[in-house]
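Please work through the following exercises with the sequence and the model open beside you. Each task is followed by a solution that goes step by step.

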Amino acid sequence: MTTLTAPAPQRAGTLAGTLALTRLALRLDRVRLPVWIGVAAILPAGTAAQYTKLYPDDQAIRAVAGVLTNPSLVAINGPLYRPTLGALTTWKILASEVILVALMSIFTVVRHTRTDEEAGRFELTGAGVTGRFAPLTAALVTAAGANAAVVVLDALGLAVSGLSPTGSLALALATGGAGLLFAAIAGVAAQLTESARAATGLAVTVLGLSYLLRAAGDAGASWLGWLSPLGWALRLRPFAGERWWVLGMTAAAALVCGAVAYALAGRRDLGAGLLPQRPGPAEAAPYLRGTFSLAWRLQRALLAGWIAGMALWGGTLGSAAGGIGDAIVTNHSITDMLTRLGGRKGLADAFLAAVIGITGILVAAYAVQATLRLRGEESAGRLEPILATPAGRIRWALGHLAFALGGTAVLMAVAGATAGLAYGLTTGDPGGQLLRLTGSALVQVPAAWVLAGVGTALFGLLPRFTALAWAALGACALVLEVGALLGVSSWIQDLSPFGYVPKLPGSPLSTAPILWLVVVAAVLTAAGLTGFRRRDTT
Amino acid sequence: MNEVISVTGLVKTFGRARALDGLDLTVHTGEVHGFLGPNGAGKSTTIRILLGLLRADSGSALLFGGDPWHDTATLHRRLAYVPGDVTLWPNLTGGEVIDLLGRLRGGIDAKRRATLIERFDLDPAKKCRAYSKGNRQKVALVAALASDAELLILDEPTSGLDPLMEAMFRSCVAEIREDGRTVLLSSHILGEVEALCGRVSIIRAGRTVDTGTLDELRHLARTSIRAELAEPPRGLADLPGVHDTVVEGTRVAFDVDNTSLDVALKHITSFGVRSLTSSPPTLEELFLRHYADGEA
């Protein structure tokens, strides 16, 4: 026996174990985070490089700058602060870049806090020498590190592309600052809710609201934009007389949110949220009697949240479209530009068509999310007790798919109807616009179904890779966002189902591509279901 | 049909790992059949194949004479299942889950449901995320026991239950046995198996190593003998079926195969027996021997 020298008695601090947990988080995210960081690093530098080719001189830049004063483009991407290459790059990419790093931060922080807690893994790590605040700190440190990497790579990439180092640094810091703030916001959300899904939903809602506030602020009431973290990023004005003090606002907000998260974490019990547990019904309601009603019970909250979001989204952008008078259509370059963007008959229609295109991608995110619930239920082990009853696999899967596919149609209809109503109220034709825009929005549905089909096919045939459905959605978004600008070859663009959708309103409605998309979605779904019927469940 | 479950030569591989390697299992109607084996022996894999969740690579598995992969819905009307690792929907209450699973099976007896909830002291109004492991187990148990299924497949159903609840579980299974229904009980708790099971199958590394009634299994096992003799014994260790002989002067201790018990006792009485204790094999020894076989 050897004599053990007892370590000097010391009180382990509330941060004890943070380093170990951070290492664990980095180990778990060793693929995920580099992918996020890589994409975030490529976007600004790639845009700058492409714009350098597209707009070789001041004259070209000034020409396009005139186009960009169009209110609909200002609402979507923000204002162009100066007719320079750097400012143009900022205009194009900063809003998307901030959304990207915000999502990265939210997912990272929630994954290493509430997800682990909900799964019961905190009990294991928490029983070691880990302080009360160690998990939250480790998650925030990990997210902060990822954002720092984005800042460095963005600044270097832009500077190497030939833009001014000061502006490059400003754009990078605007991005990273917003990412850090959303990490802190996710930290708060993770303390509030008991489920990781709800925490992510809450933080993403804040992100969506700040996009809307920014859009509304840039389109009209400027002060609204000052309420939005996304607005702050743009108002730092990289390459256009940087206002560095705006970074202070972001930092202060991040500190406040961080302090709130720590205060909440210090008060609550492990596993608990802020709201006390309420007892539920001791008996199931009569309707809860089959796989379909179970799917309804499990999916309804997600769908309800999305419906509320889409109503707000449609209403805001519909009324923004009302502010775009057709009077502006004197400048031919604007009409040319917008024709290329998709529309043909007037600015408002072009704007609405562009917005509906974005909405299609957004709603496809719901379609993927609702579809992947299949895999979520399976890997959580909740499929097993269902399949031990007479309920068949296919019926169970169809219950969830009904929500994924039907919900997609409902969401597009809601977005179209609210946009139509809001736009119609400004033009004095609410009924007509409601019908017209609902129809225009519904045209996007089959393209979103294709992505749900990709999810189902992966679930049935390659269940371990179902998450690739998100990559497919990301690729579609990327093609829509930067595809044309970055000169991605056209066959790649043809891979996105959204490329085939007629740009309504304002273009003729062609039914053939829509029918084809329905067929593709049906084939993918059928392939997935066939695979699922044949494979082992896990 | 006298056999509820009839499995022969079942093989299942996961990649390179061979989870089942020619497993046999027969469960007769109306018996409580113990299904035993060390962790990772393939118990849950077998059960999952019987439930049609996994597809066997080769061999045959019959459930009520039907194919568990193809006749899933028909067969599942006649069985209830408690998984080893119960995960439930976090935002549903225990009561809702019990009703849902019961209704999926074609209906639930409200009176039996109420009685079981009371007997297992379960709060059905709690959200599943708030249940402890034992309480989640109770939810799954109540859902299965409240059904009038002909066959109950229970995969380590008492892991996480306190002794009081375990006793309650035993009396529930005893009632089921009296009803003439069939139970396949996978378990590590040997007292439970001894109290409930008529026949047992012991598996190891994906194969059945022993099957039969507990008495039959005991018969094949060894008895430990300790004796004090008048004079030191000679030649004891050389007898067939005698193992681990320790002789200290006139004291002797050895294990003997039950088939050789007669010969061994006759041998030692020739040295004058002053005292003798014999202990029959405990189930633990029986299983430890089977579990550990081949590992040494």
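**Exercise 1: the sheet**

In chain B, 3 strands form an open sheet in the order E2-E1-E4, with antiparallel pairing. This is a predicted model, in which local features need pLDDT of at least 70 and side-chain atom pairs count only at pLDDT 80 or more, whereas totals for chains, interfaces and linings use all residues. Residues are numbered from 1 along each chain as its sequence is written, while chains are lettered from A and ligands numbered from 1 in the order in which they are written.

Task: state which strands of chain B stand at the edges, and why one side of each is left without a neighbour in the sheet.

Solution. Strands here are DSSP runs (E, at least two residues; helices are H or I, at least four), numbered from the N terminus, and two strands pair if DSSP finds at least two bridges between them. Strand E2 (17–28) and strand E4 (58–63) of chain B are the edge strands, and because each has a single partner strand, one side of each lacks a neighbour in the sheet. Strand E1 (residues 3–14) of chain B pairs with E4(B) over 5 bridges in the antiparallel sense, and B:Val7 stands opposite B:Ala61 in E4(B).

**Exercise 2: the side facing chain A**

Task: find how many residues of chain B are in contact with chain A, and which helix supplies the largest share.

Solution. Counting residues as in contact if their C-beta atoms, placed from the backbone, lie within 7 Å, 33 residues of chain B meet 29 residues of chain A. Helix H2 (72–76) and helix H3 (94–104) of chain B each supply at least two residues of that side of chain B, and the largest share, 7 residues, comes from H3(B).

Methods:
Contact = placed C-beta atoms within 7 Å.
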